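Got a few minutes to see how the chains of a model fit together? Have a look at the sequence and the structure below, then read on.

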4 protein chains.
Amino acid sequence: MANTEFSYVKSFELPDSLPPSNFIVVRIDGRGFSKLCKKYRFAKPNDRRAIDLMNSAALEVVKSFQDIILAYGQSDEYSFVFGEGTQIWERRSAKLATSVASLFTAEYVMQWNDPKFFGGNAEEGKEKVELTRPFPSFDGRCVCYPKKKILRDYLAWRQADCHINNLYNTTFWSMVLKGEGMSGTAAEEELKGTLAKDKNEILWSRYGINYNNEDAVWRKGTVVYRAYDDEENGADGQGKAQKVTARPQSKSQLEKERKRKMKARIVVEHTDIIGDDFWNKRPYILGTGE
Amino acid sequence: MANTEFSYVKSFELPDSLPPSNFIVVRIDGRGFSKLCKKYRFAKPNDRRAIDLMNSAALEVVKSFQDIILAYGQSDEYSFVFGEGTQIWERRSAKLATSVASLFTAEYVMQWNDPKFFGGNAEEGKEKVELTRPFPSFDGRCVCYPKKKILRDYLAWRQADCHINNLYNTTFWSMVLKGEGMSGTAAEEELKGTLAKDKNEILWSRYGINYNNEDAVWRKGTVVYRAYDDEENGADGQGKAQKVTARPQSKSQLEKERKRKMKARIVVEHTDIIGDDFWNKRPYILGTGE
Amino acid sequence: MANTEFSYVKSFELPDSLPPSNFIVVRIDGRGFSKLCKKYRFAKPNDRRAIDLMNSAALEVVKSFQDIILAYGQSDEYSFVFGEGTQIWERRSAKLATSVASLFTAEYVMQWNDPKFFGGNAEEGKEKVELTRPFPSFDGRCVCYPKKKILRDYLAWRQADCHINNLYNTTFWSMVLKGEGMSGTAAEEELKGTLAKDKNEILWSRYGINYNNEDAVWRKGTVVYRAYDDEENGADGQGKAQKVTARPQSKSQLEKERKRKMKARIVVEHTDIIGDDFWNKRPYILGTGE
Amino acid sequence: MANTEFSYVKSFELPDSLPPSNFIVVRIDGRGFSKLCKKYRFAKPNDRRAIDLMNSAALEVVKSFQDIILAYGQSDEYSFVFGEGTQIWERRSAKLATSVASLFTAEYVMQWNDPKFFGGNAEEGKEKVELTRPFPSFDGRCVCYPKKKILRDYLAWRQADCHINNLYNTTFWSMVLKGEGMSGTAAEEELKGTLAKDKNEILWSRYGINYNNEDAVWRKGTVVYRAYDDEENGADGQGKAQKVTARPQSKSQLEKERKRKMKARIVVEHTDIIGDDFWNKRPYILGTGE
């Protein structure tokens, strides 16, 4: 039969399962989003509708993949964290990265026209913004983090990046758009080599802006996570932490786990995840055990 | 600075460049498309608007990536072939698979509402079909094929698969939907173990269908390729084949190559790619050299 | 220059660094050692000279690679554990596996002729055993273990394997070689499906052997490790545990670490490593931290 | 049973089979051989016994692995080429690299004491050279080459490297050891930036050395290959080339192939493998087909 003659070509598909007992982060990034920001005239330094759309798309992705324990997003990027023991698709790297990137894309472009985002809103005096080619798309990759502490450092890295960029952008665009208005080049020149406190000072002294009063969505980015803090999950209101172990779970354990996940609330917050506080209050996110 | 303290986490991103001098096939597959077919009541055995939408999305992907030399699609899958020497994104596997899957997804859902597809068409009496969650999405993977002959066998494998499935489906759905109408189980039972000629015979004797007259889009699937068959590219009307070599090209060669690709026509056909004829007439697709 | 024309071939060497913050186990196995046992008439069930030679070769490997924190061997296999933060050869997998396998091989065949092993020993009435082709050789592979607990489970797996095989072999060869002497087939048949306690009972009732009195080298295998239990390293006589962290170390930390390793004793023991006792007494082996 | 509790650790061993239809080169390199050359006072620029030992060890490796079609060595390195269709150990990378490196090591240290090499030879007035720790060892790696042309470029790269280094070393050591004797630094200084013809001129004009008359083992390195040039294999005295195809072979084909390999002669030569001549005369080495 014709098919058997050719089917040896399947042997060229190499296995790509990620190692067990590692958190899997799928990070997606907008492709060519600096062009896209200009094309659709996103507000500077930050566009509320654009970030709300990112967060709304991410929320749907988290809903869709039960094994995502937490997601963190800022600017045009989002990191989706799968639990260290996830068995989804045998942990196949390409399957995971493409499924997440594809679903995120579908949600992003489908929700674009929502009145909450770019669909136009007569009441608020917002015009519809028509999507045209090239349509928004996202690339992605899987990265494995072997330990809770390192996963937290990864997330801290992204949130620190958010802070650094947002402080810079807030200052830069104040200098360009407010007061007498500097040229971009002049603002860039002046900001070269400045520290955080210098930028805070510029914002305060020249524009009366207290950076700490800026909206947390810009300063902290967005965390989306499954919360197990109801009565059923933990009498202390914090949720029970599951003991995570590398040893495989029995079928009944897996079934119990699946039901537990279905009951979880999904929470969206703009809060600090660098310090210990967030994690100490929600021990169920990373689980206990090494 | 906070960021340097955490930036070691970047070292967990392992390199994933695919080996040089291999054709790279990015194959995408619809996620959960059997459910989706039912949900949107796609016609059986084949839905014209659905396949036209697939092909239209694929065309945009081919347009968007100059290094795609050919794509082949059938049912809810599409294979995009990048030239064996492509240097796009240093041949990084995750970047390639996610970018293609994401762009295809964006095109698929954005074009869905086109009157040509599911947007409704009063003239043709077609109603609009509203997309609802879960939105269509696609997974994908990269596979390397080291030689022209093997790449052709890969494509032949997909086209043989198209033929086998379509002959089966055409027969099965004729038995179920035409004449007195068998139950699915009964049709399945009768078809068990039948050869191609048996199915052809059933189609002809019972339903007056000559399978070879079925539309080629179903029998052969769809080929999309860059054609270099104009005067400039080849006096013989077949296009000049480029000599492909594993040795790196100079900047001026790369620039020349880029301009050549921009001038290429993109062709969509439903034709046999198992035999030699297609390839002999278009030597420029795979190039010469080993 | 001729060389530049060809040097593009280097690009086919793909990177193979193992992920950071994982213990790296290089396990080597004798190639074709069941044949080799017969050829050199190794004693059954266990040959003292052969196992001593394995352990002596392993000791030299541990001495040679400062980053090996512990090794465990039994039968014709040895597992060498590199510390989770090792930076040796950028953690390149092939370099690690081949270097260990090659050095072990060199030591094994060079020490073979030692009077302690197969070099002959007039005093003890042992004849020299000449090595002939095919010479002993060993294959190997690297495996990453992301957490202390899992590394311990790996080592427990090997030691449990040692126990199971040795109990079986001790019983089997007693049945064949002692008393009236059964055929191999008959002994195999009788042992089929027996539990540990059944084998213990056979050994005791038929041959007066208390399995627990068998030499620990057979029952437990061999552990080789770097000990930091001198005064300098820990006042409590147990050695100070180093805090291991995924974050990169400074040069002065690395230098301090190097000196510490040079001062360590290397210890060879036949002891239980499945329970907690061994590890609790030597916290410096795996270090503290997650 | 204890073993099942731990056996999940096997899942951390990731598959590492190399892609089909690629030549697999296992290249081994002496570890720390510049030190070793000094320690054993190898003759400069080249030591005959040392290179003969390398070649003799390589010969045994080629004999031992039927799927090696050719090996090329120079200095302290050797490249073993496995046929593009080899199925040995499912083409597992670590298994291949460690087995070759280990066997080569065993042969190297076991043959060291042969009178032909460093075992001492009263007749020729050569003293025995005792091997002491650290014993010679070799690291290795697998590299895949997808096409005949690229494999040839790889081998050409190694042979060009041999030529370049040997011409340099021959000139350098003539300057240092012959005539009045320059210092190493002075010779190095004078050779900086010289071309091949300059070095040839220095050799001829100052030391009366015609580089082309130097022994081919130094100028060309060493090729070891399986020859199929007997009557049975090819009436033309060149041997029949096998058609190599990526499609899997039947059992009877594999058996036939195995017998053919067993009958092959193994040839050791010091000849040019950069040009076409060597390959045109021995089409059976790489086979026909793409």
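Here is a short briefing on one chain and on two pairs of chains.

This is a predicted model, where local features need pLDDT of at least 70, side-chain atom pairs count only at pLDDT 80 or more, and totals for chains, interfaces and linings use all residues. For bookkeeping, residues are numbered from 1 along each chain as its sequence is written, chains are lettered from A and ligands numbered from 1 in the order in which they are written, and side-chain values use heavy atoms, with hydrogens and water left out.

**Chain A by itself**

- Chain A has ten helices and six strands; helices (H or I, at least four residues) and strands (E, at least two) are DSSP runs, numbered from the N terminus.
- Picture a box of roughly 70 × 60 × 45 Å along the principal axes: that is what the C-alpha atoms of chain A fill.
- Chain A has 290 residues, and 53% of them count as buried, with buried meaning under 20% relative accessible area (1.4 Å probe, protein chains only).
- Take the contacts in chain A with a separation of 6 or more: 75% of them come from residues 24 or more positions apart. Contact here means heavy atoms within 4.5 Å.

**How chains A and B are related**

- Two copies of a chain are related by a rotation about an axis and a shift along it.
- The superposition is by least squares on the C-alpha atoms of residues with pLDDT of at least 70 in both copies.

**Where A meets B**

- 51 residues of chain A touch 51 residues of chain B.
- Of the interface residues of chain A, 100% are also interface residues in chain B, so the copies meet through the same surface.
- Together, chain A and chain B bury about 4300 Å², with 65% of it on carbon and sulfur atoms. Buried area is the accessible area (1.4 Å probe) that two parts lose on being put together, summed over both.
- There are eight salt bridges across this interface, each being a side-chain nitrogen of Lys or Arg within 4 Å of a carboxyl oxygen of Asp or Glu.
- One of the salt bridges joins B:R27 to A:E13, with the closest N and O atoms 3.3 Å apart.
- On the side of chain A that touches chain B, the elements giving two or more residues are α1 (2–6), α4 (93–111), β4 (138–145) and α5 (148–177) of chain A.
- Of these, α4(A) gives the most, with 14 residues.
- By class, that side of chain A has 30 nonpolar, nine polar and twelve charged residues. Ala, Val, Leu, Ile, Met, Phe, Trp, Tyr, Cys and Pro count as nonpolar, Asp, Glu, Lys and Arg as charged, and the others, Gly among them, as polar.

**Where D meets C**

- Chain D goes onto chain C by a rotation of 180° with 0.0 Å of shift along its axis (RMSD 0.0 Å). The same surface serves both copies, as 100% of the contact residues of chain D recur in chain C.
- This contact takes 51 residues from chain D and 51 residues from chain C.
- The area buried between chain D and chain C is about 4300 Å², 65% of it on carbon and sulfur atoms.
- Eight salt bridges link chain D and chain C. Among them is D:R133 with C:E107, where the closest N and O atoms are 2.8 Å apart.
- On the side of chain D that touches chain C, α4(D) gives the most, with 14 residues.

Terms used
Buried < 20%, exposed > 50% of the residue type's maximum accessible area, 1.4 Å probe, protein only.
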